[in-house]
Amino acid sequence: MPNVPARAYMLCTTPRSGSTLLCRMLAATGVAGQPDSHFHTPSLSRWLQVYGLEAQVFDTRKDALRAVIEAALMRGTGETGCFGLRMQRGSFPYAMAQFAGLYPGLPTDRARLETAFGPMRFLHLSRADKVAQAVSRLRAEQGGLWHARADGSALERSAPTAPLHYDRAAIAAHVAELSRWDEAWAAWFAQEGITPLRLSYAALAETPRNVLAQALGYLGRDASAASGVRIPTARLANAESAEWVARFRAETDAAIPPRS
């Protein structure tokens, strides 16, 4: 990868892969934008709301989309000269459909993204252990706590605290969906001719600053900026999480008939 600093990048991921940690660390360096899920909810009206824009002031849908993109570009760049975008795979098809409508003459998703944000580099953050990822997602959905600060206080909560309960069917459904989403990213990279920087949840959890430095280097930014970054979030997995993972694996193995 050239040492020329990137003007824009997209972090491609799925829920519970560590992207909130990585995005916050990238932002904390002060040299890699303010990466966030700028196009998360599949709703243009929600996008407008996020950026404080009023739908009625725009003559057309395309005008509204252009305004959202401009607002996202400003927020995701800050004062760093580099735009950061996190894209969850579940949000991606709707977002790309909107970009296709805005730029109908362009042949590929990458061309549309780069027309909007400038030449882009792509990072793929994934979690190999799909059962652990599924358990993490289920516990966040049930308990309402998605992320905690380093001191353990709630950082992102979607609902009041609620009891957690093991649900084999829900875990299995999440494993299947998360696997499909990883496969969809792989297919999209191949379709677009993209070789992303591949990052793993396991490495990020074990040595977060090393992974941050790797990402900064790939983006042509000063990798030494990683050394002073604080770890902003706490891991939510605990002994009960491990018990659910082990139980699911045991039950799944037991349900598979032995080969004759």
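## Thr233 and the basis of the model

Thr233 counts as buried, with a relative accessibility of 16%; buried means under 20% relative accessible area, exposed over 50% and partly exposed in between, with a 1.4 Å probe and protein chains only. The model is predicted, so local features need a pLDDT of at least 70 and side-chain atom pairs count only at pLDDT 80 or more, while totals for chains, interfaces and linings use all residues. Residues are numbered from 1 along each chain as its sequence is written, and side-chain values use heavy atoms, with hydrogens and water left out.

Thr233 has its place in strand E7. Helices (H or I, at least four residues) and strands (E, at least two) are DSSP runs, numbered from the N terminus. Not counting residues up to four places away in sequence, Thr233 touches Thr20, Leu21, Arg24, Ala148, Arg149, Ala150 and Leu155, where contact means heavy atoms within 4.5 Å.

## The antiparallel sheet

E7 belongs to an open sheet of three strands in the order E5-E4-E7, with antiparallel pairing; two strands pair if DSSP finds at least two bridges between them. Strand E5 (154–157) and strand E7 (233–234) stand at the edges with a single partner strand each, so one side of each has no neighbour in the sheet.

Strand E4 (residues 145–149) runs antiparallel to E5 and is joined to E5 by three bridges. Leu145 has Arg157 in E5 as its bridge partner. Helix H6 (residues 130–143) packs on this sheet and touches E4 and E5; the direction of H6 makes about 95 degrees with that of E4. Axes are lines fitted to C-alpha atoms, for helices over the stretch in contact, and angles run from 0 to 180 degrees between N-to-C directions.

## The parallel sheet

Another open sheet has four strands in the order E2-E1-E3-E6, and its pairing is parallel. At its edges are strand E2 (83–88) and strand E6 (197–200), each of which pairs on one side only. Neighbouring strands of this sheet are turned by 20 degrees against each other on average, with direction ignored. Helix H5 (residues 109–117) packs on the sheet, where H5 touches E1, E2 and E3; the direction of H5 makes about 115 degrees with that of E3.

Strand E1 (residues 8–13) pairs with strand E3 (residues 120–126) in the parallel sense over five bridges. In E3, Met120 is the bridge partner of Ala8, and Leu123 is the bridge partner of Leu11. E1 also pairs with E2 in the parallel sense, over six bridges; here Thr13 has Gln88 as its bridge partner in E2.

How many of the residues of E1 are buried? Six of its six residues are, and E1 is mostly covered. In a regular strand the side chains alternate between the two faces of the sheet. In E1 both faces are covered: Ala8, Met10 and Cys12 are buried on one side, and Tyr9, Leu11 and Thr13 on the other.

## Two loop residues

Arg16 lies in the loop between E1 and H1. Arg16 counts as buried, with a relative accessibility of 14%. The phi of Arg16 is near 70 degrees, a positive value in a residue other than glycine.

Pro35 lies in the loop between H1 and helix H2 (44–50) and is buried, with a relative accessible area of 8%. Leaving aside neighbours within four places in sequence, Pro35 is in contact with Tyr9, Cys23, Leu26, Ala27, Gly76, Gly84 and Leu85. Ser19 is 16 residues from Pro35 along the chain, and the C-alpha atoms of the two are separated by 9.7 Å.

## Helices H1 and H9

Helix H1 (residues 19–29) packs with helix H9 (residues 208–218) at an angle of about 65 degrees, and the axes are 10 Å apart. From H1, the residues Leu21, Leu22, Met25, Leu26 and Thr29 meet Pro208, Arg209, Leu212, Ala215 and Leu216 of H9. Eight of the residues of this contact are nonpolar, one is polar and one is charged. For this count, Ala, Val, Leu, Ile, Met, Phe, Trp, Tyr, Cys and Pro are nonpolar, Asp, Glu, Lys and Arg are charged, and the others, Gly among them, are polar.

The buried residues of H9 are Pro208, Val211, Leu212, Ala215, Leu216 and Tyr218. Seen down the axis of H9, they fall within an arc of 160 degrees, so they line one face of the helix; the arc is that of the directions from the helix axis to the C-beta atoms. An α-helix has 3.6 residues a turn, so residues three or four places apart point the same way. The buried residues of H9 pack against H1, E3, E6 and helix H8 (201–206). After H9 comes Gly220, whose phi is positive, near 70 degrees.
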